[in-house]
Amino acid sequence: MKRIALALAALAALMLMPSRAAAQLELCNRTSYILYTATAVQERDGVTTQGWSRIVPGDCKTVIETPLGKNRYFVYARTSTAHGGAPRDWSGNMRLCAAEANFRLKSAIGTTLCSAESSALPFAEVQTGGQSVWTTSFTESPAISTVDQARTAGLKRLLKDNGAKIDLIDGKPNQQTGNALSAFRKRTKLAANAPVRDMFDALETEALRTAAPAGYSICNDTDGDIWAVIAFKVRDYVSRGWWKVAAGSCAKAITTALHVDAVYLHVEKHGNPKLVSGAEKFCLTNMQFEVEGRGNCSKRGLTETSFATTNTKGLAGYVAHVGNSGLVAPIKLPAPKPAKPPAAKPKPPAKPKT
């Protein structure tokens, strides 16, 4: 992800305020983007980072449930890859290790030497003043300050990401937005009384489905949580997981442009350990892992299981959709029609000879 550097003015986007009593460290989204957030806690024996928490516009999420102490806390947020345009992040000056999948990492204080499956990201410090509960709000513009304004602006942005004609991304509802929402509900068969969170889920999923941004995404079109593992070949085969993907959500398993002919996918769901499987065999474990090689699984204390093949040859981005019956066939968008050549200008009549 190309990071947008945010200097001192950007740190002002982290508006700090006392929290509601029910939360310990709570993150609120007062922007027009769906945010994926990570947190870090500095203790005597090192720094623990973990993520990712998905927060839709106008919503809040408790990311640390235990009472806050005197340790230092850090946060980082970045926009969903479903959004068009350049990605954004809300960041600071403390570089800490984070992974692309859901993660929990521990590292020494002051080091930015991260493992092969993680990289250093610029976290911002949260000044809690020693209080046991706190809320941090990510903001974008003074014009988007309330819950309702953030939700309206977020719906507008995602509608635009899905091809709707939206002139202005702000917190004011209008007829243009209402018409676009109605058309989207009709096209995706989403109930008119569906909760706003379901609308955000559907809009993000649809944007990922049609945009297929660079990398490899897994979208959950089932009615419950799924757990996914991928495998691919660079020099040798590598299998990696797990990604927990909530119903109606997507997870980015590979964030850079694809340079492989195939990515292999294994997906499990409660009651169905082979929701997505196939003829290819790779190794895995029952916890977060990265394994090199695809043979001798049992001798290495690993489990061998079956993977389905998703064809990514020639593609920079791919979105794998998983339904209740397994892998959903990819949507093939029609190729753009070639532009018609301009009509030849008629030649002026020849001048008569004298």
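How many helices and strands does the protein have? The protein has four helices and 22 strands, where helices (H or I, at least four residues) and strands (E, at least two) are DSSP runs numbered from the N terminus. The model is predicted, so that local features need pLDDT of at least 70 and side-chain atom pairs count only at pLDDT 80 or more, while totals for chains, interfaces and linings use all residues. Residues are numbered from 1 along each chain as its sequence is written, and side-chain values use heavy atoms, with hydrogens and water left out.

**The whole protein**

Begin with the entire chain displayed. Of the 354 residues in the protein, 47% are buried; buried means under 20% relative accessible area, exposed over 50%, and partly exposed in between (1.4 Å probe, protein chains only). The protein exposes about 19,100 Å², of which carbon and sulfur atoms supply 54%; accessible areas come from the Shrake-Rupley method with a 1.4 Å probe, and for residues only the protein chains shown count as cover. Among the contacts in the protein with a separation of 6 or more, 69% are between residues 24 or more positions apart, contact meaning heavy atoms within 4.5 Å.

**Strand 2: L25**

Select L25, which lies in strand 2 (residues 25-30). L25 has a relative accessible area of 0% and is therefore buried. Leaving aside neighbours within four places in sequence, L25 is in contact with K61, T62, V63, I64, L68, Y73 and W134.

**Two cis peptide bonds**

Most residues other than glycine have a negative phi, and most peptide bonds are trans. Next, select G51 and W52, which are joined by a cis peptide bond with omega of about 5°. W52 is found in strand 4 (residues 46-55). Then move to G241 and W242, where a cis peptide bond has an omega of about -5°. W242 is placed in strand 14.

**Helix 2 and helix 3**

Show residues 147-161 (helix 2) and residues 175-188 (helix 3), which pack at an angle of about 60° with their axes 10 Å apart. Axes are lines fitted to C-alpha atoms, for helices over the stretch in contact, and angles run from 0 to 180 degrees between N-to-C directions. Helix 2 and helix 3 are therefore oblique to each other; angles under 35 degrees count as roughly parallel, over 145 as roughly antiparallel, 65 to 115 as roughly perpendicular and the rest as oblique. Display the side chains of L155, K156 and L159 of helix 2 and of T177, A180, L181 and F184 of helix 3, which make the contact. The residues of this contact of helix 2 with helix 3 comprise five nonpolar, one polar and one charged (Ala, Val, Leu, Ile, Met, Phe, Trp, Tyr, Cys and Pro count as nonpolar, Asp, Glu, Lys and Arg as charged, and the others, Gly among them, as polar).

Proceed to K189, in the loop between helix 3 and helix 4 (196-211). Its phi is near 60°, a positive value in a residue other than glycine. K189 counts as exposed because its relative accessibility is 78%.

Select N296 in the loop between strand 19 (289-292) and strand 20 (303-311). N296 is not a glycine, yet has a positive phi of about 50°. At 54% relative accessibility, N296 is exposed.

Finish at V234, in the loop between strand 13 (226-233) and strand 14 (237-245). V234 is exposed, at 57% relative accessibility. V260 is 26 residues from V234 in sequence and 7.4 Å from it in space, C-alpha to C-alpha.
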